[in-house]
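Here is a brief report on one protein chain. Look over the sequence and the fold first, then read on.

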Amino acid sequence: MYYSKLLIPTLRDDPADAETISHKLMLRAGLIRKVASGIYSLLPLGLRVLSKVENIVREEMNKAGAQEILLPALQPAELWEETGRWDKYGKELMRLTDRHDRNFCLGPTHEEVITDLVRREVKSYKTLPINFYQIQTKFRDEIRPRFGLMRGREFLMKDAYSFDADLEGAKKTYQAMYEAYHKIFQRVGLRFRAVEADSGLIGGSSSHEFMVLAQTGEDEIASCEKCEYAANIERAELTAGDLPSSESAPKMEAVSTPEQKSVEAVSRFLDVSANQLLKTLLFVADEKPVAVLVCGDHEINEVKLKKLLGAEALALADHDTVKRVTNGPSGFSGPVGLTGLEIIGDFSVQSKAEYVVEANKEDTHYLHAVPGRDFSVSRYADLRNAVHGDPCPRCEASIKIDRGIEVGHVFMLGTKYSEKMDATFLDRNGKSQHFVMGCYGIGVSRIMAAAVEQNHDERGIVWPQQIAPFDVEIIPIQEKSEVVMIAATTIFETLKRKNIEVLFEDRKERTGVKFNDADLLGIPIQVIIGQRNLEDGLAELKERKTGEKILVPLDDIVKEVTKRCC
């Protein structure tokens, strides 16, 4: 394809409103253009990349036995009301009303729609297992869309939904999808980890996220330096330590800590380490207050806490609740003297015999506060975020923390949706049973952004070969020379006949502009045709990823390109 015939509006400078590398480079390379906050048009090169990602996803889903369908983006509220998610999903759900005042939403996901379809069309165990997938636009009213295609209000997603007769069958389908996802991300050319994850609003008993490793990722991943264990920071398991003896601990005493409010300030003022301070956080779980204790150098993981309590709603207590529960001001809560509510300690609290704690009184702390002696703890649990150096829950080697971008998520749903929507089939004994379900999502458009985050340098994008918009770019650097253009055109036509995708740089631009734009676009192979090399029967071949340049005999250039890109 000729460069001059394509819309490739490259930019020299980074756009002012672009924050991440992928957002900057995709705008500069003319892949996308903003329409509104979180909404983007894909230009020709961007669509070529997206189509290649789609094809890889589609091929692997078909190989795994899933059937492609297309469900409506516009969904009636009645289906969402059956599962209770019409009210629970929140403001991210884009809601609208038709001319007859009936409520609809633009689908962020399709559990309700697919469950409704299957309950009407699948009646017997003989049809099972069955797995459906689609590649379709999704809509979520993000509170703060950002990072280009990474977090938008409209995006392309592959979502699949499986239906099995029993849990054992569902586990096999889940494993098949898990393996298919590995193949997809390997083919796309990304470095990734599959990590244990929280099921969030989708729900279900277990799930894994597929995370592309990148320093600009929004998510944190805890992974073992020795074994294969990996988990989202919200799900990473932490083990209990042994409680040391407190027999030699001095008597608890109150000390004045004027205007020392943060952990860091109190640590400096009292000359103690942050992990010797004990933070007391008051939460309200389903309208019931609960106190949570964690060491000063750690952070409470609200996902873990909510799951431990089995709570539908969880939030930090407001000032009035704190005052009512502790008889003290907000910001100075401690465990000593607390009554009438459950006090839960993180496992980390068991690591020390005594602590410095807030005294439920302004500018006052207690020294030498001993759990079990000076305050009670109802129970201990894993309630904090993992940090670098924590022991692996599988092999006790050290945990490391990386950043990642979620590009896929698989869920074991069980009967969560089929029970609520009364989706049943007749088993081999003629008895009605609820389908056992799984669901499996891939952010198709997000993969593009993640690939750029992971594959770039100071000059621009470095596309993995499998999803590059073109395999090779031919750059004649003296387009006024008839010999140069004949040679470049001959190579172009020959490569096309071999089904190699070629971009022919035919613009009347300065050589420097052509080279800069070629590096910005990130096409894996550049073939540079110049008068001087042609006189020696040579052409220059450059690999975008390594920057390696070699001179290749003109008669061998097609063979060399074919070897490298096919």
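Among contacts in the protein chain between residues at least 6 apart in sequence, what percentage join residues at least 24 apart? The figure is 69%. These values come from a predicted model.

## Overall build

The protein chain holds 15 helices and 31 strands. Its C-alpha trace spans about 95 × 70 × 50 Å along the principal axes.

The chain has 566 residues, and 52% of them are buried. Buried here means under 20% relative accessible area.

## Surface and charge

The chain carries 75 positive and 88 negative charges.

Rolling a probe the size of a water molecule over the atoms shows where empty space is left. In this model, the second largest pocket contains about 380 Å³ of space. Its lining is made up of 21 residues. Nearest the centre of this pocket are Thr-280, Leu-281, Gly-331, Ser-333 and Glu-358.

Which elements give two or more residues to the lining? They are helix H7 (263–270), strand E14 (277–285) and strand E18 (355–358). Strand E14 gives the most, with six residues.

How values were computed: Residues are numbered from 1 along each chain as its sequence is written. This is a predicted model: local features need pLDDT of at least 70, side-chain atom pairs count only at pLDDT 80 or more; totals for chains, interfaces and linings use all residues. Side-chain values use heavy atoms; hydrogens and water are left out. Helices (H or I, at least four residues) and strands (E, at least two) are DSSP runs, numbered from the N terminus. Buried means under 20% relative accessible area, exposed over 50%, partly exposed in between (1.4 Å probe, protein chains only). Contact means heavy atoms within 4.5 Å. Lys and Arg count as positive and Asp and Glu as negative; His and the chain ends are not counted. The place of a charge is taken as NZ of Lys, CZ of Arg, CG of Asp or CD of Glu. On a 1 Å grid over the protein atoms alone, a cavity is a set of points where a 1.4 Å probe fits but cannot get out, and a pocket is an open set with protein on both sides within 12 Å along at least five of seven lines; lining residues have an atom within 4 Å of a point. Grid points are joined across faces, edges and corners, and a volume is the space filled by probe spheres set on the points.
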